[in-house]
Amino acid sequence: MREIIKYWNKPKRSAYLFLAPSIILLVLFSVIPLLVAFGLSLFDVPITMNTAKFIGLQNFVEAFHDSRFLNSLKVTVIFTGIEVPIQVFGAIVVAAFITKNNMHNKLFRAIYFLPVICSATAIGIMWKMILHSNIGFITAVLQSMGFGKINFLNTPGLTIFVVSFISIWRSFGISAIIYVTAIQQVSRSLYEAAEMDGAGKIRQFFHITVPSIRPTFWYILMTRFAGALQIFDIIYITTNGGPNYTTESTVTYIYSRAFSSSSSMGYASAMSVILFVIIMVITVLMYRKMNEED
């Protein structure tokens with residue numbers, strides 16, 4: 001027993017003991033499911049998994065001929081194009097205004113961050129009630145102002161923007177707080193020197209703040225891209241892909257094909273693999289761009 005303790009008592013070895021729980025969880029809930037998904041994508045497998053027929057790449061061929069899957073990719077791209085720029089660029093502007101540690105800014109940070117700690121289910125239900133075409137508060141206010149009844153969650157062409165707004169409202173705080181933390185780490189001497197040279201707040205923002213927090217910018221850009229491409233919970237709760245699949249994201253469609261009455265775990269796994277490859281390629285390209293700039 002003493003020999004075991006002595007062996008693991010060295011820092012380089014004991015570090016693996018502290019990392020072990022996280023590594024085990026990562027393997028059990030990320031690596032193994034990923035490998036299983038790759039394997040299932042080559043089979044025709046029902047949700048019961050009592051039978052399995054090897055069909056090779058047929059699921060992938062079917063996916064690229066599935067109009068509903070292609071539409072879900074289009075919806076996901078539109079959603080990502082709306083959410084990511086606002087999350088990445090809007091949050092940095094807001095963060096610049098609430099960086100100083102005074103009571104006013106601390107209150108705003110808490111307000112921005114509050115939706116982050118709420119569950120997606122609660123947020124989805126809340127906004128679904130607020131935007132309800134008959135009993136919704138916002139709908140009633142707009143009607144009283146003479147705008148007529150607007151069905152925010154059931155209007156093609158409009159609903160995707162509404163869902164994007166809800167998603168941004170929910171997660172905007174985390175991006176802003178990360179930016180605030182990064183900006184607070186920038187040396188104050190740089191701003192003092194800029195002020196002595198006559199630089200205003202706007203020039204300080206673009207020539208000191210933005211370049212100094214470039215690694216944080218890339219981190220938020222990559223994580224928000226990956227998150228937006230995997231959007232599921234808000235859409236599933238508010239619209240469930242409607243109306244007429246105009247808000248059906250790729251993950252929502254994968255879920256419906258995997259767990260509906262006509263389920264096909266193999267086909268759903270194939271679509272998951274395609275989405276995984278898309279996210280991986282985008283992330284690798286962004287990472288290479290980040291390293292080139294560094």
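This is a predicted model: local features need pLDDT of at least 70, side-chain atom pairs count only at pLDDT 80 or more; totals for chains, interfaces and linings use all residues.
I took the extent along the principal axes. The C-alpha atoms of the protein chain fill a box of roughly 80 × 75 × 40 Å. Then I looked up burial. The chain has 294 residues, and 38% of them are buried.

**Core.** Next I asked which residues touch the most other members of the largest nonpolar core. My list reads Val88, Leu131, Ile166, Tyr179, Ile213, Leu221 and Ile234, out of 45 residues in that core. I then went through the elements behind it. At least two residues each come from α4, α6 (120-130), α8, α9, α10, α11 (214-229), α12 (233-238) and α14. Helix α8 supplies the largest share of this core, eleven residues. For background, I note that nonpolar side chains tend to be buried together in soluble globular proteins.

**Helix α8.** That share sent me to the helix itself. I find 26 residues in α8, running over 159-184. From first C-alpha to last, α8 reaches 38 Å, close to the 38 Å expected at 1.5 Å a residue. I also checked its axis. Where is the kink in α8 centred? I place it on serine 171, with an angle of about 45°.

**Largest pocket.** The largest pocket holds about 620 Å³. I count 21 lining residues, and the closest to the centre are Pro33, Leu34, Ala37, Ile254 and Ser272. Two or more lining residues come from each of α2 (11-40), α13 (250-259) and α14 (265-293). Helix α14 gives the most, with eight residues. I sorted the lining by class: 17 nonpolar, four polar and no charged residues.

**Second largest pocket.** I repeated the search here. The volume is about 470 Å³. Of the 15 lining residues, I find Ala96, Phe97, Lys201, Phe205 and Thr209 nearest the centre. The elements giving two or more residues to this lining are α4 (67-97), α9 (188-196) and α10 (201-212). The largest share, six residues, belongs to α10. By class I get eight nonpolar, three polar and four charged residues. I set the charged entries side by side: four in this lining, none in that of the largest pocket.

I finished with the backbone. Most residues other than glycine have a negative phi, and most peptide bonds are trans. I looked for departures.

- Which peptide bond is cis? I find the one from glycine 242 to proline 243, with omega near -10°. Proline 243 sits in the loop between α12 and α13.
- Asparagine 240 has a positive phi, near 55°, and is not glycine. I place asparagine 240 in the loop between α12 and α13.
- Tyrosine 245 lies in the loop between α12 and α13. I log tyrosine 245 as partly exposed, because its relative accessible area is 41%, between the 20% and 50% cut-offs.

Methods. Residues are numbered from 1 along each chain as its sequence is written. Side-chain values use heavy atoms; hydrogens and water are left out. On a 1 Å grid over the protein atoms alone, a cavity is a set of points where a 1.4 Å probe fits but cannot get out, and a pocket is an open set with protein on both sides within 12 Å along at least five of seven lines; lining residues have an atom within 4 Å of a point. Grid points are joined across faces, edges and corners, and a volume is the space filled by probe spheres set on the points. Helices (H or I, at least four residues) and strands (E, at least two) are DSSP runs, numbered from the N terminus. Ala, Val, Leu, Ile, Met, Phe, Trp, Tyr, Cys and Pro count as nonpolar, Asp, Glu, Lys and Arg as charged, and the others, Gly among them, as polar. The expected span of a helix is 1.5 Å times one less than its number of residues. The bend at a residue is the angle between axes fitted to the seven residues ending there and the seven starting there. A nonpolar core is a set of buried Ala, Val, Leu, Ile, Met, Phe, Trp, Tyr and Cys residues joined through side-chain atoms within 4.5 Å. Buried means under 20% relative accessible area, exposed over 50%, partly exposed in between (1.4 Å probe, protein chains only).
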